Amino acid sequence: MAILAVGVGILSGIGNFVFRKSIDLVHWLVIEQGTQFFNISFEHWSTARLWSVLFPVSAGVLMLPFGLFFAKELRFGFAHFLERVNLRGAKIPVRTMFTRCFASAITLGAGGSAGQEGPIAQIGGAIGSQVGQFFKVSGDRLKLLVACGVAGGIAATFNAPIAGVFFAHEIVLLSSFELTSFTSVVISSGIATVVSRALLGSLPALRAPVYMLAHPWELAGYLVLGLLVGILAVCFITAHYRIVDRFAALKMHRLVKPICGGALVGLVGVFFPQIFGNGYEVIEKVLLGDGALLLLGSLIVVKAVATSLTLGSGLPGGLFAPSLFIGAVTGGAYGKLLQFLFPGTVSAPGPYALVGMGAFLAAATHAPMTAIFLLFEMTGSYNLIIPIMLSCVVGTAISRHLKQDSLDTVELSRAGISLEAGKERNIMKSLRVGDVMTRDPESIPENMTLRQFNHFIATTRHTNFPLVNQKGELTGILSVQDFMGVVFEGDLLDLVVVKELATLDVITVNTEDNLDQAMRKIGYRNIEQLPVVDERNGRRLLGIVSRRDMVSAYNRALMVRSMEEDDDE
């Protein structure tokens, strides 16, 4: 595996080089040539800047061929990538490398508000998967090679090999640690960094100055910053997916949505050109203490909206860089506010921007170790390590307390998928009781005598029967075993009604419950069937679902999913 990890690291470093050069090429063609042609200045206001609306619009236009020929590939983002790696065998098609590279380069190079880290992680992951498939490795080894590719891509992007390792372990491998996997990921991350430095130089994509902790009491300020960032991260996650849902609900052709999204981003960029692209140049200025308090505060909201418009409309890109941007301007604004309130104590807002950047990333992705080591490698200094650790951990804790899902897992949770649960449980979670149940089940009136029931069971093959009252409402459930104890008591057959023998405390499910929930309820009482009732009226009987029905539905879904994976290859 170590040898394969070396190969994945080399290819990931080359993949990062090609991706970044593709972004630079599109940026030169669209932004640089466009600003010269229209005489646009982003430093000083003029009506010529209105033409900048066309920059992200051009991204939507250039995306048309991808939308026509690779629609399925571009419809899924990083969440789908994580699902494929952890639950679908980690077999990533080779075309992912090319579609993610060039489509994301168009988005970023033409001014779309997004990040390059998600795409490069998928490019690196696809490289690792293809290497593994070429050498016919499978199972956990193939998943490990995907993680090696992801680590290599992230490490090469930031010139930060340790951050790449923790990104792969925290986000792709779900924090599972094994010495063998750790060794391979470290090798790939280190090799990719060496390749990137050889091709692009030793400077990272994002550079941060070295700061020191001025006063010990400032730790309290960083603690408050962590709390603030944790809350803002939850607000960003919630608002982002609301905008994404609004775009999804629009009755508009899917090829037109990226153009409309680009136009909206362009309109925002006319007044706030800082939101164009990945925003690294703006982040570096904020880390140096630039930017007025009002501008930085406005950019918190504006960048979040622009990013959601970009990705929600269908333009591909990542959320990693926007998270760094929002965290940096949040910390910068917070530092300037403290500088105003405590002019003799807080000397510069830059340290708060740096810490805020890492804390927001940690809170939004639920990956504090990645954020901590990324900032450490960017600065190469221990001077702010305690504030960084404190704010990242506090921000992550607040975010997890307020919202269970991170930016990368919301879509999965909506689909009933938990990456930690495993493939089998997630298939069960994806199936609904309403799609599996038997409708109009054989039920019996609760006032039926035992003699009548004795004649009834001779005409049916079922062994469990829901009881209903005159209104058709569920009142209990009776099994043949319940009846066997009195079947030979002839004197009681006309005196006792079935309700007196039935189980009245009935465990039920509704049509929207998934099969995992239903199977757990069946296992709890060791029963074979569950009545299905109306969600609003918990006593209205709609059907019945059995253990056999659920197992059959699972087997069919497993077969369909296996066929889909074969088609993707």
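What follows is a walk from the whole chain to single residues and back out to the sheets.

**Before you click**

This is a predicted model, where local features need pLDDT of at least 70 and side-chain atom pairs count only at pLDDT 80 or more, while totals for chains, interfaces and linings use all residues. Residues are numbered from 1 along each chain as its sequence is written, and side-chain values use heavy atoms, with hydrogens and water left out.

**Stop 1: the whole chain**

Show everything as cartoon. The protein chain has 25 helices and 7 strands; these are DSSP runs numbered from the N terminus, with helices being H or I of at least four residues and strands E of at least two. Along the principal axes, the C-alpha atoms fill a box of roughly 100 × 60 × 50 Å.

The chain exposes about 25,400 Å², and carbon and sulfur atoms supply 60% of that (accessible areas come from the Shrake-Rupley method with a 1.4 Å probe; for residues, only the protein chains shown count as cover). Of the 569 residues, 55% count as buried, where buried means under 20% relative accessible area, exposed over 50%, and partly exposed in between (1.4 Å probe, protein chains only). Among contacts (heavy atoms within 4.5 Å) between residues at least 6 apart in sequence, 75% join residues at least 24 apart.

**Stop 2: a nonpolar patch**

Select Val 6, Ile 10, Leu 11, Ile 14, Val 18, Val 94, Phe 98, Phe 102 and Leu 199. Together they form a nonpolar patch on the surface, with about 700 Å² of accessible area. Patches are made of residues with over 30% relative accessible area and no salt bridge, joining like charges within 9 Å and nonpolar side chains (Val, Leu, Ile, Met, Phe, Trp, Tyr) within 5 Å; a salt bridge is a side-chain nitrogen of Lys or Arg within 4 Å of a carboxyl oxygen of Asp or Glu.

Which helix gives the largest share of the patch? That's α1, with 5 residues. Both α1 (2-38) and α6 (95-109) supply at least two residues each. Zoom in on Phe 98 in α6: this residue is partly exposed, at 49% relative accessible area.

**Stop 3: Leu 74**

Next, click on Leu 74 in helix α4 (residues 71-74). Buried or exposed, this Leu 74? Its relative accessibility is 15%, so Leu 74 counts as buried. Leaving aside residues up to four places away in sequence, Leu 74 touches Met 63, Phe 66, Thr 99, Arg 100 and Ala 103. Draw a distance from Leu 74 to Ser 104 as well: they are 30 residues apart along the chain, with 9.7 Å between their C-alpha atoms.

**Stop 4: the three-stranded sheet**

Select β2, β3 and β4. These 3 strands form an open sheet in the order β2-β3-β4, with mixed pairing; two strands pair if DSSP finds at least two bridges between them. At the edges are β2 (444-445) and β4 (474-479), each pairing on one side only. β2 runs parallel to β3 (residues 464-468) over 2 bridges, and Ile 444 stands opposite Leu 467 in β3.

Stay on β3: 5 of its 5 residues are buried, so the strand is largely enclosed by the rest of the structure. Asn 464, Pro 466 and Val 468 are buried on one side, and Phe 465 and Leu 467 on the other.

**Stop 5**

Move to Leu 541 in strand β7 (residues 541-546), which is buried at 17% relative accessible area. Its C-alpha is 9.5 Å from that of Leu 467, 74 residues away in sequence. Beyond four places along the chain, Leu 541 touches several residues, including Pro 466 and Val 468.

Now show the sheet of β7. It is open, with 4 strands in the order β1-β7-β6-β5 and mixed pairing. The edge strands β1 (438-439) and β5 (509-510) each have a single partner, so one side of each is left without a neighbour in the sheet. β1 and β7 run antiparallel, joined by 2 bridges, and Thr 438 stands opposite Ile 544 in β7.

**Last stop: helix α22**

Finish on α22 (residues 450-457), where Leu 450, Phe 453 and Phe 456 are buried. Look down the axis: the buried residues of α22 fall within an arc of 110°, so they line one face of the helix. That arc is taken from the directions from the helix axis to the C-beta atoms.
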